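Open your viewer and get ready to select a few charged side chains. We will go from one pair to the next.

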Amino acid sequence: MQEIHISDLFDMPGWLLLAMEAEPLFGPMVESPDFFEGLTQALLDGTALCIRDEANRENSGLCGGIIISKENNSIIWFVVASKFRNTGLGKKLLTEAMKHLDHSKPITV
């Protein structure tokens, strides 16, 4: 069973791989200093959740990840690697992220 982890700086290569995969849909991220700074801060703050690809752990692979902002009560970034889509991992990440947000206020994406 794939577990959700609070991501840390050791997961940075995996996050960047996910971002590269999402760039055709959402535009450049990996080369953006703002994206890199925001991702680094989320990893330091413990607001980035991930599911690690245990079969590809030596290459820092991630199946997917979600970044939340408790301050803004929002989901900032959410991606599942293409080979893991339609497997329920996205739902699992979203369900876990929602546990960290305030349901008495609007939650934004």
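Which side chain meets that of aspartate 102 in a salt bridge? Select lysine 105 together with aspartate 102: their side chains form the salt bridge, at 3.9 Å from N to O. Keep in mind as you look around that this is a predicted model. Now color aspartate 102 by accessibility, and you will find this residue partly exposed, at 31% relative accessibility.

Next, select lysine 99 and glutamate 96. These two residues form a salt bridge too, and the closest N and O atoms are 3.3 Å apart.

For the next stop, select arginine 85 and glutamate 21. Their side chains meet in a salt bridge of 3.6 Å, N to O. Switch to the cartoon view here, because this pair links distant parts of the chain, 64 residues apart. Arginine 85 sits in the loop between strand E4 (74–80) and helix H3 (89–98), and glutamate 21 belongs to helix H1 (residues 12–26).

How many salt bridges does the structure hold? There are five, among them the pairs visited on this tour.

Definitions and conventions:
Residues numbered from 1 in each chain as written. Predicted model: local features only at pLDDT ≥ 70, side-chain atom pairs only at ≥ 80, totals over all residues. Heavy atoms only, no water. Salt bridge = Lys/Arg side-chain N within 4 Å of Asp/Glu carboxyl O. Helix = DSSP H or I, 4+ residues; strand = E, 2+ residues; numbered from the N terminus. Buried < 20%, exposed > 50% of the residue type's maximum accessible area, 1.4 Å probe, protein only.
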